[in-house]
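Look at the sequence and the structure first, then read on.

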Amino acid sequence: KKAVHHLEQAAIGGHPEARRNLGCLEGANGRYERAIKHLIIAANLGHDGSLENLKLIYREGRVSKEDFASALRGHQAAVDATKSPQRELAEKRLSGRS
């Protein structure tokens, strides 16, 4: 009960992993609509695992094609928003590929 409260607080604060975990908990408790909403929000924040979860749920037929496509576009937009020449240079330097 306390853990769920902290996950909710983190999710409200914009933490995508917490949002995904809430989605997984809701799904495990049979509340699929709530689970899907949490996963879509996390995917829209750029969380890869949430997008993978949505893909599996989509294959099961629990997510509409429109909702999955929207989440996919939102995820890509979030990922694109984090790209910059400075980040790419830093990634190269950190991996030793200067």
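Q: Is E60 buried or exposed?
A: The model is predicted, and the values here are computed from it. A residue counts as exposed when its relative accessible area is over 50%. E60 has 54% relative accessibility, so the label for E60 is exposed.

Q: With which residue does E60 form a salt bridge?
A: A salt bridge needs a side-chain nitrogen of Lys or Arg within 4 Å of a carboxyl oxygen of Asp or Glu. For E60, the closest N and O atoms of the bridge are 3.3 Å apart, and the partner is R62.

Q: Over the face of which residue does R62 lie?
A: R62 is partly exposed, at 41% relative accessibility. Besides its salt bridge with E60, R62 has a place over a ring, 4.0 Å from the ring centre. The residue that carries this ring is Y32.

Q: How do the planes of Y58 and F68 lie, stacked or edge-to-face?
A: One aromatic pair is counted in the structure. It is made by Y58 and F68, with 5.0 Å from centre to centre and 10° between the planes. Planes under 30 degrees apart count as stacked, whereas those over 60 count as edge-to-face. The pair of Y58 and F68 is therefore stacked.

Q: Which helices hold Y58 and F68?
A: The two residues are 10 apart in the chain, and their pair links distant parts of it. Y58 belongs to the helix of residues 48-59, and F68 to the helix of residues 65-81. These are helix α4 for Y58 and helix α5 for F68.

Q: Is F68 buried or exposed?
A: Buried means a relative accessible area under 20%. Y58 is partly exposed because its value is 30%. F68 has a value of 13%, so F68 is buried.

Q: Which residues does S50 touch, leaving out those up to four places away in sequence?
A: S50 is in helix α4. Its relative accessible area is 0%, so S50 counts as buried. With residues up to four places away left out, S50 touches R20, L39, A42 and A43.

Q: Which residues are linked with E26 in a network of salt bridges?
A: The structure holds six salt bridges. One of them joins E26 and R31, with the closest N and O atoms 2.4 Å apart. E26 is buried at 8% relative accessible area, while R31 is partly exposed at 41%. The residues linked with E26 in the network are R31 and R34.

How values were computed: Residues numbered from 1 in each chain as written. Predicted model: local features only at pLDDT ≥ 70, side-chain atom pairs only at ≥ 80, totals over all residues. Heavy atoms only, no water. Phe/Tyr/Trp six-rings, centres within 6.5 Å; stacked < 30°, edge-to-face > 60°. Helix = DSSP H or I, 4+ residues; strand = E, 2+ residues; numbered from the N terminus. Buried < 20%, exposed > 50% of the residue type's maximum accessible area, 1.4 Å probe, protein only. Lys NZ or Arg CZ within 6 Å of the ring centre and 35° of its normal. Contact = heavy atoms within 4.5 Å.
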